[in-house]
Amino acid sequence: MKIDSILAPERTFCNIVTRSKKNAIEKAATLIAESMLSLDAHHVFKKLIEREKLGPTALGHGIAVPHCRIEGCDNIVGALFTLDSAVDFAAYDDTPVNIMFVLLVPIHEVDNHLKAMAMLAEKFESSKYRENLRGASSGQELFERALVS
């Protein structure tokens, strides 16, 4: 699986203003719903928070991948955000998060959900990739940098 199969420029946002993990997820849900009219922001937020309560979605190195299965989603949908200031996601390495990749998955999708998570984990393991994303100054630039391996 490649990142461009789940990410689009209209779901890529640079330097969103946040105060906390909950606030970051709420803003992400709103921005995703604005670009995908089939999704309700409140419902997306609720499902992401429910999943977050099961355990942190932080990968370490300042990265979090909040994700959930959700009704009304026909394909796996990704959204990429850099945050204006890092927030605590209870990461195993105690590093606050300033890059968040939200993943919304159709209810019955299993195999591609696992493939998407594995692809993201591999990409975000690279310090060069992470720093390249952190250097973006616009959503379009962030999108373009996200496509680079």
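Helix H3 meets helix H4 through Lys 123, Phe 124 and Glu 125 on the H3 side. On the H4 side the partners are Ser 127, Tyr 129, Arg 130 and Leu 133. Contact here means heavy atoms within 4.5 Å. Helices (H or I, at least four residues) and strands (E, at least two) are DSSP runs, numbered from the N terminus. By class, this contact holds three nonpolar, one polar and three charged residues. Ala, Val, Leu, Ile, Met, Phe, Trp, Tyr, Cys and Pro count as nonpolar, Asp, Glu, Lys and Arg as charged, and the others, Gly among them, as polar.

The model is predicted: local features need pLDDT of at least 70, side-chain atom pairs count only at pLDDT 80 or more, and totals for chains, interfaces and linings use all residues. Residues are numbered from 1 along each chain as its sequence is written, and side-chain values use heavy atoms, with hydrogens and water left out.

How do the axes of H3 and H4 cross? H3 covers residues 111-125 and H4 covers residues 127-134. Their axes come within 5 Å and cross at roughly 85°. That makes H3 roughly perpendicular to H4. Axes are lines fitted to C-alpha atoms, for helices over the stretch in contact, and angles run from 0 to 180 degrees between N-to-C directions. Angles under 35 degrees count as roughly parallel, over 145 as roughly antiparallel, 65 to 115 as roughly perpendicular and the rest as oblique.

Stay with these two helices for a moment. Ser 127 lies in H4. Ser 127 is partly exposed, with a relative accessible area of 45%. Buried means under 20% relative accessible area, exposed over 50%, partly exposed in between (1.4 Å probe, protein chains only). Ser 127 and Ile 25 are 102 residues apart in sequence, and their C-alpha atoms are 24 Å apart in space. His 113 belongs to H3. At a relative accessible area of 9%, His 113 is buried. Which residues touch His 113, leaving aside its neighbours within four places in sequence? They are His 67, Arg 69, Ile 76, Leu 103 and Val 105.

Now look at the rings. Rings of Phe, Tyr and Trp (its six-membered ring) pair if their centres lie within 6.5 Å; planes under 30 degrees apart count as stacked, over 60 as edge-to-face and the rest as tilted. The whole structure has three aromatic pairs. Phe 13 and Phe 81 form a stacked pair, 5.3 Å centre to centre, with 15° between the planes. This pair links distant parts of the chain, 68 residues apart. Phe 13 sits in strand E1 (residues 12-16), and Phe 81 in strand E5 (residues 77-87). Phe 13 counts as buried, at 17% relative accessibility. Phe 81 is buried too, at 0%. Phe 101, Phe 124 and Tyr 129 form one aromatic cluster.

Lys 21 lies over Phe 89, at 5.7 Å from the ring centre. A charge sits over a ring if NZ of Lys or CZ of Arg is within 6 Å of the ring centre and within 35 degrees of the ring normal.

Follow the chain from E1 towards helix H1 (21-35). Thr 18 is in the loop between them. Thr 18 counts as buried, at 6% relative accessibility. Not counting residues up to four places away in sequence, Thr 18 touches Asn 23, Ala 24, Leu 83, Asp 84, Ser 85 and Val 87.

Arg 51 lies in helix H2 (residues 41-54). Its relative accessible area is 23%, so Arg 51 is partly exposed. Beyond four places in sequence, Arg 51 touches Thr 57, His 67 and Cys 68.

Two loop residues deserve a look at the backbone. Most residues other than glycine have a negative phi. His 61 has a positive phi of about 60° although it is not a glycine. His 61 is in the loop between strand E2 (58-60) and strand E3 (63-64), and is partly exposed at 30%. Asp 94 has a positive phi of about 65°, again without being a glycine. Asp 94 lies in the loop between E5 and strand E6 (97-106), and is exposed at 68%.
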